[in-house]
Amino acid sequence: MAESSNITLQSQEPSLGQIQIAPEVLEIIVGIAVSQIDGVNRMQGTISSSVNELFGRKKSLGKGVKLTIVDDQISVDVYAYLNYGVSVPKVALAIQDKVKQQILVMTDLALSEVNVHITGIVTEKTESAIDPNNLFGDEDPAVDENEDGEES
C-alpha cells in the first residue's frame with residue numbers, strides 16, 4: 001500500500017509525529033457501524049468476497065463500503081440489503097447518522113457525505129413444505145402398507 005493513500009490526521013501536538021489511517025480502517029469502521037443497525041440484513045459484497053466466505057476464509061468487514069477521497073473531502077458509499085418490512089428511509093437515515101458519528105468519534109474525521117444504496121430486500125426464510133422422507137410426494141400418507149407391500 002502506498003503511503004500517499006493513507007489519511008493523515010491533524011495532530012494537536014506536531015512534535016509527537018504524524019498519525020496516519022489506512023482507508024481500509026475507515027471501511028471496516030463503516031461496515032461494523034452499518035451492520036449494527038436494526039433492519040440491515042447484510043452488506044453487498046463483491047464476487048471475490050462471496051467466494052472467500054464460501055470457502056471459509058475470513059469475512060470482510062469492509063465489504064459493501066466504497067470510500068472516496070477528493071481534495072481532503074471524504075465521502076462514503078454504503079451498499080446494503082435490508083430486511084423485509086422495515087422503513088427504508090428510516091433505516092437509510094440511521095445508516096447515515098451512525099456512520100458519520102462512528103467515523104467522527106473514532107478518527108476525528110468529518111465525512112463530507114454518506115450515500116446509502118439499498119441494493120435489495122431480504123425476505124424471511126419460510127420452512128419448506130417438502131417432506132424429506134417423501135421428496136417426490138408419490139406416497140399417499142393415508143395408505144398403510146404392510147411388510148409385503150400390500151395395502152391393508
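In which helix does G31 lie? G31 belongs to helix α1, which covers residues 23-35, helices being DSSP runs of H or I of at least four residues and strands runs of E of at least two, both numbered from the N terminus. The structure is a predicted model, in which local features need pLDDT of at least 70 and side-chain atom pairs count only at pLDDT 80 or more, while totals for chains, interfaces and linings use all residues. Residues are numbered from 1 along each chain as its sequence is written, and side-chain values use heavy atoms, with hydrogens and water left out.

The overall plan of the protein comprises three helices and six strands, and, read along the sequence, these elements follow the pattern β-β-α-β-α-β-β-α-β. Of the 152 residues, 26% count as buried, a class that means under 20% relative accessible area, with exposed meaning over 50% and partly exposed lying in between, for a 1.4 Å probe and protein chains only. The accessible surface comes to about 11200 Å², and 49% of that surface belongs to carbon and sulfur atoms; the areas come from the Shrake-Rupley method with a 1.4 Å probe, and for residues only the protein chains shown count as cover. Among contacts (heavy atoms within 4.5 Å) between residues at least 6 apart in sequence, 62% join residues at least 24 apart.

G31 counts as buried because its relative accessibility is 3%. Leaving aside the neighbours within four places in sequence, G31 is in contact with L61 and V65. Its C-alpha atom is also 8.6 Å from that of V99, although G31 and V99 are 68 residues apart in sequence.

Helix α3, residues 88-107, contains Q96, which counts as partly exposed because its relative accessibility is 27%. Outside the four places on either side in sequence, Q96 is in contact with V114 and V116. The loop that joins α3 to β6 (113-122) holds D108, where phi is near 65°, a positive value in a residue other than glycine. D108 counts as exposed because its relative accessible area is 60%.

A second residue with a positive phi is D71, where the angle is near 50° and the residue is again not glycine. D71 is placed in the loop between β4 (65-70) and β5, and it counts as exposed because its relative accessibility is 71%.

Together with V88, I118 and I121, Y84 makes a nonpolar surface patch of about 370 Å². Patches are made of residues with over 30% relative accessible area and no salt bridge, like charges being joined within 9 Å and nonpolar side chains (Val, Leu, Ile, Met, Phe, Trp, Tyr) within 5 Å, where a salt bridge is a side-chain nitrogen of Lys or Arg within 4 Å of a carboxyl oxygen of Asp or Glu.

Another tyrosine, Y81, has R42 over its face, at 4.3 Å from the ring centre; a charge sits over a ring if NZ of Lys or CZ of Arg is within 6 Å of the ring centre and within 35 degrees of the ring normal.

N6 lies in the segment before β1 (7-9) and counts as partly exposed because its relative accessibility is 21%. From C-alpha to C-alpha, N6 is 9.6 Å from I19, with a sequence separation of 13 residues. E124 lies in the segment after β6 and counts as exposed because its relative accessible area is 73%. In space E124 is 9.9 Å from G85, again from C-alpha to C-alpha, while the two are 39 residues apart in sequence.
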